[in-house]
Amino acid sequence: MTANARLATVAAIFAVISFPGIVSSQSSDDETSAPEYSRKGADSCLACHDDQKVLSVFQTAHAVPGDANSPFGHGQLQCEACHGPGGDHAGRVRRGQERPPVPAFSSMSSASVADQNGNCIACHSGDQGFAWHASGHDSNSVSCAGCHTVHADNDPVLATSTQVEVCFDCHQQQRTQSMKPYAHPIRQGKMECASCHSPHGETTDLLLARQTLNDTCYDCHAEMRGPYLWEHAPVSEDCSNCHEPHGSSQPGMLSMRAPLLCQGCHSQDGHPSLPQDDSGLASGVPSQYLLGQSCLNCHSEVHGSNHPSGSKLMR
Ligand code: HEC
Ligand code: HEC
Ligand code: HEC
Ligand code: HEC
Ligand code: HEC
Ligand code: HEC
Ligand code: HEC
Ligand code: HEC
Ligand code: HEC
Ligand code: HEC
């Protein structure tokens with residue numbers, strides 16, 4: 001028996017087990033306009049679609065006959081639980097006529113993305129952390145299938161090492177940033193986009209995983225949370241005042257180098273905080289205050305200080 005044939009047999013068994021449910025869920029008051037489900041569940045589809053890619057769905061979490069909530073569980077609609085009613089599509093087509101498409105996840109279908117996603121949401125809306133309708137992905141008509149590959153032994157978006165490629169498909173800017181010399185270890189497969197983002201949407205801005213941007217960072221950088229005796233206001237306000245979370249050309253993933261970074265907010269009044277060049281200096285050498293680590297030479301505790309005399313963030 002070939003692998004294909006074995007899978008087809010397994011599929012057929014699922015179909016037989018679950019078939020009665022399909023018949024009952026088929027009944028409809030409005031027989032004329034209601035879309036028809038196929039008569040034999042998965043078997044009707046597998047008669048034509050028996051390639052390895054389609055059959056691989058039987059190796060996933062979706063093909064658990066013992067789970068009443070699974071598409072292939074007892075009483076469920078099997079293929080059509082996701083694809084929608086495919087009776088017309090699976091039926092006879094007159095010569096010269098086009099085969100009507102199944103409603104969902106078909107390049108031939110004209111159904112709206114929201115309607116297509118509705119088939120998945122019907123089973124998944126109760127999942128923890130699922131706030132799809134509040135998300136920028138929903139309002140921009142991104143399909144569940146835009147990220148999830150259902151017909152595959154392993155869905156790439158669910159694994160850390162493969163997830164980012166799925167996201168990069170649409171988010172080129174973040175791909176570019178992650179290639180910069182200073183970045184979170186995303187390219188190395190040690191972190192994923194979902195380390196900081198909730199792809200299904202949260203009630204937060206920009207799909208961040210936690211209530212605020214800083215809380216998202218504190219998940220891993222707990223030492224930055226404080227509390228500090230001497231806080232540095234822009235730190236407790238928003239880490240992205242100084243850092244580029246997706247990657248930067250500056251060491252420490254900073255958006256700019258010091259002193260420019262600091263001078264974006266701090267005036268030069270009464271303080272040696274000129275840019276790092278020798279213009280205007282009699283000696284013709286750069287100011288000693290601004291060499292190397294620049295402002296950080298003295299103000300090293302830029303995230304906050306717990307030293308009694310650390311009010312100027314110097315210790
Ligand atoms: C009589 C044969 C037949 C049956 C039965 C059948 N299909 Fe199809 N299906 C086709 C053909 C032909 C296409 C067009 C394929 C193509 O153009 O590559 C197609 C296309 C599709 C597509 C779209 C593929 C794409 O590239 O967008 C999906 C999804 C699909 N079928 C699902 C189903 C489901 C679910 C069932 C069972 C309810 C089913 N089919 C039953 C013949 C069939
Ligand atoms: C008939 C109900 C049903 C439908 C429809 C359905 N799912 Fe599922 N899904 C399940 C069940 C049951 C599981 C396995 C149990 C669990 O993980 O909660 C599951 C698991 C998953 C998982 C986790 C897989 C894993 O390997 O852990 C993903 C991702 C998923 N579904 C996405 C989808 C998408 C995308 C769609 C629409 C194309 C969809 N589901 C349609 C019931 C359904
Ligand atoms: C922007 C990409 C993206 C889209 C669009 C998307 N998902 Fe997901 N989904 C993911 C990622 C990433 C995970 C892994 C979650 C994690 O690591 O926190 C996931 C996990 C899941 C899971 C596993 C259970 C869980 O909550 O962890 C289910 C079920 C699921 N998605 C269903 C759906 C459904 C249904 C849709 C459409 C309404 C959808 N997803 C749309 C990226 C996406
Ligand atoms: C859990 C939901 C779900 C179930 C169950 C499911 N599909 Fe799909 N199907 C999808 C999604 C989503 C896609 C889009 C491509 C992908 O995710 O792999 C798809 C794609 C397809 C395609 C197009 C494949 C291609 O080459 O692009 C066909 C044909 C198809 N499904 C047939 C079936 C058949 C037949 C069954 C039942 C044996 C079935 N599907 C069960 C969700 C599902
Ligand atoms: C099929 C294309 C597509 C894929 C794949 C995709 N996205 Fe998106 N994403 C979009 C679109 C479209 C928007 C809205 C426009 C924008 O902000 O670029 C968006 C917006 C976002 C936003 C900003 C949300 C907001 O409220 O403005 C984040 C964060 C995001 N995506 C993260 C992810 C992550 C993480 C993944 C991978 C798990 C991913 N996206 C995969 C298309 C996609
Ligand atoms: C270390 C945490 C972190 C990781 C990992 C991360 N992001 Fe973000 N992302 C953020 C923060 C914080 C913001 C909002 C502030 C900003 O853009 O500076 C954001 C914003 C975004 C936006 C919206 C940009 C805009 O300006 O509208 C998109 C899209 C996005 N991220 C996609 C991704 C993708 C794709 C990945 C995976 C490659 C990813 N992010 C990984 C923290 C992260
Ligand atoms: C899932 C865990 C995680 C989250 C969440 C996270 N980081 Fe990181 N961060 C890391 C890891 C891992 C490193 C790399 C440490 C190393 O290379 O030694 C890192 C390194 C850094 C670095 C130092 C880079 C360097 O070159 O030294 C900065 C700055 C940084 N993260 C800022 C942030 C900000 C800002 C956020 C929130 C938007 C954030 N991180 C969220 C895990 C995380
Ligand atoms: C006022 C600008 C500024 C803000 C805001 C800021 N940082 Fe930094 N951060 C820096 C500078 C400058 C460095 C480089 C320090 C050095 O080279 O000694 C740095 C370095 C880091 C590093 C790597 C080196 C280390 O000390 O471990 C991490 C991680 C980091 N910051 C996380 C964060 C987090 C998380 C937040 C938000 C809570 C944040 N930063 C807010 C300026 C800032
Ligand atoms: C986004 C704006 C911003 C950036 C960038 C910034 N700061 Fe600040 N800084 C502030 C604010 C606001 C305060 C609080 C001022 C106050 O309380 O009067 C502050 C306070 C300070 C103080 C303590 C001043 C006092 O009188 O107590 C020092 C020292 C300082 N910053 C140094 C730095 C250094 C060094 C950098 C660059 C690594 C930097 N800052 C970057 C906004 C910023
Ligand atoms: C050689 C050490 C040194 C360097 C380099 C340095 N500072 Fe300072 N800074 C100090 C000292 C000492 C004070 C305290 C002055 C006082 O208490 O009157 C101070 C005070 C401050 C204050 C508090 C307000 C004020 O003017 O008294 C700010 C803001 C500040 N520095 C920002 C910066 C910035 C931005 C840079 C880089 C452009 C920088 N400093 C470089 C030593 C330094």
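**Entry 1: ligand 4**

I began with ligand 4 and found one of its nitrogen atoms 2.8 Å from an N or O atom in the side chain of His151. I count such a pair of N or O atoms as a polar contact if they lie within 3.5 Å; within protein, one must be able to donate a hydrogen and the other to accept it, and residues adjacent in sequence count only if both atoms are side-chain atoms. The model is a predicted one, in which local features need pLDDT of at least 70 and side-chain atom pairs count only at pLDDT 80 or more, while totals for chains, interfaces and linings use all residues. Side-chain values use heavy atoms, with hydrogens and water left out, residues are numbered from 1 along each chain as its sequence is written, and chains are lettered from A and ligands numbered from 1 in the order in which they are written.

I then listed the shell, which holds 17 residues, each with a heavy atom within 4 Å of the ligand. Cys79, Cys82, His83, Val150 and His151 are the closest.

**Entry 2: iron of ligand 2**

I looked up the protein donors of this iron atom and found His62 (NE2) and His124 (NE2), 1.9 to 2.0 Å away. Donors are N, O and S atoms within 2.8 Å of the metal (3.2 Å for Na, K and Ca); water is not among the atoms, so sites may look incomplete. His62 sits in the loop between helix H3 (52-55) and helix H4 (79-83), and His124 in helix H6 (residues 113-124), 62 residues apart. I took helices as DSSP runs of H or I, at least four residues, numbered from the N terminus.

The six donor atoms subtend angles of 87 to 179 degrees, so the arrangement is octahedral. For six donors that term requires opposite donors over 155 degrees apart and all others between 65 and 115.

His62 is partly exposed at 26% relative accessible area, and His124 is partly exposed at 31%. Partly exposed lies between buried (under 20%) and exposed (over 50%), with a 1.4 Å probe and protein chains only.

**Entry 3: iron of ligand 6**

I found His197 (NE2) and His246 (NE2) coordinating this iron atom at 2.0 Å. Its six donor atoms give angles of 88 to 180 degrees, and the site is octahedral.

Methods. Tetrahedral: all angles 85-135°; square planar, octahedral: opposite > 155°, others 65-115°. Helix = DSSP H or I, 4+ residues; strand = E, 2+ residues; numbered from the N terminus.
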